[in-house]
Amino acid sequence: MDKLIKIKFPDSSSKSYPINSTCFEIVKSISNSLAKKTLVASFNDFIVDLSYKIPSDGTIKFFTLDDVEGKSAFWHSSAHVLAESVENIYPGVKFGIGPPIDNGFYYDIDFNKYDTSKIDLDRIENKMLELSKQKSEFIREEVSKSSAIKFFKKKDDNLKLDLIKDLNDGEITFYKQGNFIDLCKGPHIPNTGFIKAVKILNIAGAYWRGDEKKQQLTRLYAITFSKQSELDNYLYKLEEAKKRDHRKLGKELELFFFSEKVGQGLPMWLPRGNIIRENLMNYMREEQLKMGYEHVSTPHIGSKELYVTSGHYDKYGESSFQPIKVPSDNDEFLLKPMNCPHHCEIYDFKPHSYKELPIRIAEFGTVYRYEQSGELHGMTRVRGFTQDDAHIFCTVKQVKDEVISVINLILKVFNALSFKNYNVQISLRDKENHDKYIGDSKLWDIAENDLIEAVKEKSIEANIVYGEAAFYGPKIDFMVKDSLDREWQLGTVQVDYQLPKRFKLNYIDTNNKKETPVLIHRAPFGSMERFIAILTEHCAGNFPLWLSPEQLIVLPINDKVNTYAKEIYTTLKNAKYRCSIDVRVEKISKKIRDAELKKIPYMIIIGENEMNKSQVSIRKKIEGDIGKMKIKELEKMLIKELNNHIN
Ligand SMILES: [Zn+2]
Ligand SMILES: [Zn+2]
């Protein structure tokens, strides 16, 4: 009888199998339905083909198209099929590399004698589907360096030969599917039959190995799925994301822009965008006041010494904006990259007793960090941004309650802005790597435990990641999913033992002794710029009433009702609604269309009928006509909606 090996599964259960059982045999022994959708496996954390024969005891995991590992194998395998299809249609082409990316994959191809402007993408897609239907297995073969070179010399593929040059004999593998052989270390999905929907998304130029001195190749970007409906859904979201791009909407709705003259990455808030910004800040201010925060204001710069003390100079000094010199003496100042040092100084303004803690210092603080111009992206990656920052100074015992209260605030914000789906990640230290972290190990244990307990108490499911903590303390990150299922990191809570020590902060404890407080950094929005960019895309520019730059517009049908319309407009304006009136000599249909483009939540349409009955007709954004009513009724309805987000 064959020797048995012991296989452990992610749920900690284990089972014995004959030695050299394949991953596929093992997954099939667990569940037929899981086996059907499993694409790759991992053995002791190495990703392997399902045909891999397990040589010893170890841990095994299985991945489907729902997992990152599964997606990556699926798309990488699809790249082979793309290449097979291209070679079929355009014999003699040469292949560079074909890796998976976040969404899909690409393949860099030298189209040789063929005119790249005439590449028939439809034909390539159709051929891919045809090849997939053959359910060809991806077969792994170990080859010697010399036979690998021989194979690609015969094929006259200089690109693959260039890749082989850097590989060692004994580590080279080929994969074959159908009639196509590629140099690849794998792993791949079992066979091409899993690929049922294909779309080539883009065609672009790319230099071989990213080196502009080298040959230019043609890069085909594509994506594949195991169902047509998944591809349709992906393409819909892609189209929708383009329409909702905050850079596009920001310009169309006149929210913000960037001026070349002011400088790259420095956001300029226009009046309409500033209304959203101010309202979000006011909302946060109110919530913070309720929770015992105090608001402060500090300057945009600080002496270089301040940041040397805080340690930020080490982190941002060389790679960010350089110190500002002054004419008279040797002082140097830095644009502030973080608000924390200023807040530490505010804490230290006077002595504190344990009775005063926690002290919660909040500020909408604008910070400046230099990003390479290639890294800049609309409002999500800028060089100057305003954080909804706060620093909580508390005792070790208070950390858990403070963290719970910050979680409450973050969830309230998500709820107020209809971010319904979110994930939570708790980042702890790597226990085997103590030297990476500063501070007392016991305090770390307490803080890490506090974060875990706080999340548990809120009945939130969290993903615990070891080794992701900052060197000065553990943290919790909130990742929200927007309406297109894209994930964004918002909201951070971070415990810090280091900064209070660096600033020699203290309080007098119950024994009349000086004790160092713990610092909690937190920012529910993150930054106003990034948050509003994400919100804009999440709601496609259809901001809730309380944030809409323009809440109401009065639309008289003709000039006979202009006087009455103006009265209505004045009433609403006096009631402090952000309201306008359109008295242009235009058809009402045109006025409605223009108001829709501006995404104004309510149109107040006035004709003679309405005037005679002292009423107004209401047309609501997206919903359409909602009927006639008295102005008092309208106001009642608006007030109710305006208070929706406050709970
Ligand atoms: Zn491959
Ligand atoms: Zn901070």
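Predicted model: local features only at pLDDT ≥ 70, side-chain atom pairs only at ≥ 80, totals over all residues.
Trainee: What does the C-alpha trace of the protein chain span along its principal axes, and what percentage of its residues count as buried?

Mentor: The protein chain has 20 helices and 33 strands, and along its principal axes the C-alpha trace spans about 85 × 80 × 60 Å. Of the 647 residues in the chain, the share that counts as buried is 34%.

Trainee: How far apart do the C-alpha centres of domain 1 and domain 4 lie?

Mentor: The domain assignment gives domain 1 as 4–64, domain 2 as 70–235, domain 3 as 256–296 + 339–538, domain 4 as 299–336 and domain 5 as 552–642. Taking the C-alpha centres of domain 1 and domain 4, the separation is 55 Å.

Trainee: Which residues touch the most other members of the largest nonpolar core?

Mentor: As a general background, nonpolar side chains in soluble globular proteins tend to be buried together. The largest nonpolar core here has 66 residues, and helix H13 (residues 399–416) supplies the largest share of this core, with 7 residues. Apart from it lies another core, of 47 residues, which includes Val48, Phe74, Phe105 and Tyr106. Within the largest core, the residues that touch the most other members are Val403 and Ile520.

Trainee: Leaving aside its neighbours within four places in sequence, which residues is Ile520 in contact with?

Mentor: Ile520 belongs to the largest nonpolar core, and its neighbours within four places in sequence are left aside here. On that basis, the residues in contact with Ile520 are Ile392, Cys394, Val399, Glu402, Val403, Val406, Val493, Gln494 and Val495.

Trainee: Are H5 and H6 roughly parallel or roughly antiparallel to each other?

Mentor: Helix H5 (residues 145–154) and helix H6 (residues 158–165) pack at an angle of about 165°, with their axes 9 Å apart, and the crossing is left-handed. Lys145, Ala148, Ile149, Phe152 and Lys153 in H5 meet Lys160, Leu161 and Ile164 in H6. Angles over 145 degrees count as roughly antiparallel, and H5 and H6 are therefore roughly antiparallel.

Trainee: Is Asp156 buried or exposed?

Mentor: Asp156 is placed in the loop between H5 and H6, and its phi is near 60°, a positive value in a residue other than glycine. A residue with 12 or fewer other C-beta atoms within 10 Å is exposed, and because Asp156 has 11 C-beta neighbours inside 10 Å, it counts as exposed.

Trainee: What is the distance between the C-alpha atoms of Ser13 and Ser226?

Mentor: Ser13 lies in the loop between strand S1 (4–8) and strand S2 (14–18), and it is exposed, with 9 other C-beta atoms within 10 Å. Ser12 is found in that loop between S1 and S2 as well, with a positive phi near 75°, and it counts as exposed with 7 C-beta neighbours inside 10 Å. Ser13 and Ser226 are 213 residues apart along the chain, and their C-alpha atoms are separated by 30 Å.

Trainee: What is omega for the cis peptide bond from Leu357 to Pro358?

Mentor: One cis peptide bond runs from Gly186 to Pro187, with omega near -5°, and Pro187 is in the loop between strand S11 (180–183) and strand S12 (197–207). Pro358 has its place in the loop between helix H12 (340–347) and strand S20 (359–368). The peptide bond from Leu357 to Pro358 is also cis, with omega near 0°.

Notes
Residues numbered from 1 in each chain as written. Chains lettered and ligands numbered in written order. Domains from an automatic or database assignment. Core = buried A, V, L, I, M, F, W, Y, C linked by C-beta atoms within 7 Å. Buried ≥ 20, exposed ≤ 12 C-beta atoms within 10 Å, placed from the backbone. Helix = DSSP H or I, 4+ residues; strand = E, 2+ residues; numbered from the N terminus. Contact = placed C-beta atoms within 7 Å. Axes fitted to C-alpha atoms, helices over the stretch in contact; angles between N-to-C directions. Parallel < 35°, antiparallel > 145°, perpendicular 65-115°, else oblique. Left-handed = near helix turned anticlockwise from the far one by under 90°.
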